[in-house]
Amino acid sequence: MTVLVQDTGFVADDFTAAFVPLADAQSGDAILIPSDTNPADLPKALDANGVAIAFPSFSDGRGFTLAAQLRRLGYQGRLRAQGHVICEQYAMARRSGFDEVEISDDLAARQPEANWLTRANWEQNDYQARVRG
């Protein structure tokens, strides 16, 4: 099982489409993008029903870059970080363009909802904005 994290905490997953690997995707599919995807392949996802970007480990930050690039290309749909994202990375995920984070039940047990909610005010806790004044 998995747990979906949004700004309000742990929520029920209301997304019913199955994610298809980018290489096999048809127009309008929900797409799963691996963290090692070539950014030149991102335009294939622009008409997707939803996009999930895989995070194989918390130390693999390539998914944040892919999300930001996908948003800069104009993707407006649902964007999910999927895999091993830890609560300390939630603000970065939201700033990169993700709408939500999907984590395992095991990770949710180690980092309960209260931990994630401490990062839910990601728009107000912007270090660069505080430095600029």
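Okay, so this protein has 5 helices and 7 strands; helices here are DSSP runs of H or I with at least four residues, strands are runs of E with at least two, and both are numbered from the N terminus. Before I go on, this is a predicted model, where local features need pLDDT of at least 70, side-chain atom pairs count only at pLDDT 80 or more, and totals for chains, interfaces and linings use all residues. Residues are numbered from 1 along each chain as its sequence is written, and side-chain values use heavy atoms, with hydrogens and water left out.

Starting at the N terminus, the elements go β-β-β-β-β-α-β-α-β-α-α-α. The radius of gyration, taken over C-alpha atoms, is 15 Å, close to the 14 Å from the globule rule for 133 residues, so the protein is as compact as a globular protein of that length. That rule is 2.2 Å times the number of residues to the power 0.38. Along the principal axes, the C-alpha atoms fill a box of roughly 40 × 40 × 25 Å.

Now the sheet. In what order do the 7 strands sit in the open sheet? The order is S2-S1-S7-S6-S5-S4-S3, with mixed pairing; two strands pair if DSSP finds at least two bridges between them. At the edges you'll find S2 (9-11) and S3 (19-21), each pairing on one side only. From one strand to the next, the twist averages 35°. S3 and S4 run parallel, joined by 3 bridges, and Pro-21 has Leu-32 in S4 as its bridge partner. Helix H1 packs on this sheet, touching S4, S5 and S6, and its direction makes about 160° with that of S5. For those angles, axes are lines fitted to C-alpha atoms, for helices over the stretch in contact, and angles run from 0 to 180 degrees between N-to-C directions.

On to the core. A nonpolar core is a set of buried Ala, Val, Leu, Ile, Met, Phe, Trp, Tyr and Cys residues joined through side-chain atoms within 4.5 Å. Buried means under 20% relative accessible area, exposed means over 50%, and partly exposed is in between, using a 1.4 Å probe and protein chains only. The largest core has 29 residues, and among those touching the most other members are Ile-33, Leu-79 and Phe-98. Helix H1 (62-72) and strand S5 (50-55) are among the elements that each supply at least two residues, and H1 gives the largest share, 4 residues.

Leaving out residues up to four places away in sequence, Glu-100 touches Leu-4, Val-5 and Arg-80, among others.

Gln-82 sits in strand S6 and is buried too, at 18% relative accessibility. The side chains of Gln-82 and Glu-102 make a polar contact of 3.2 Å. That term means a pair of N or O atoms within 3.5 Å; within protein, one must be able to donate a hydrogen and the other to accept it, and residues adjacent in sequence count only if both atoms are side-chain atoms.

Last stop, Ala-18, in the loop between S2 and S3: Ala-18 is exposed, at 59%.

Key: Contact = heavy atoms within 4.5 Å.
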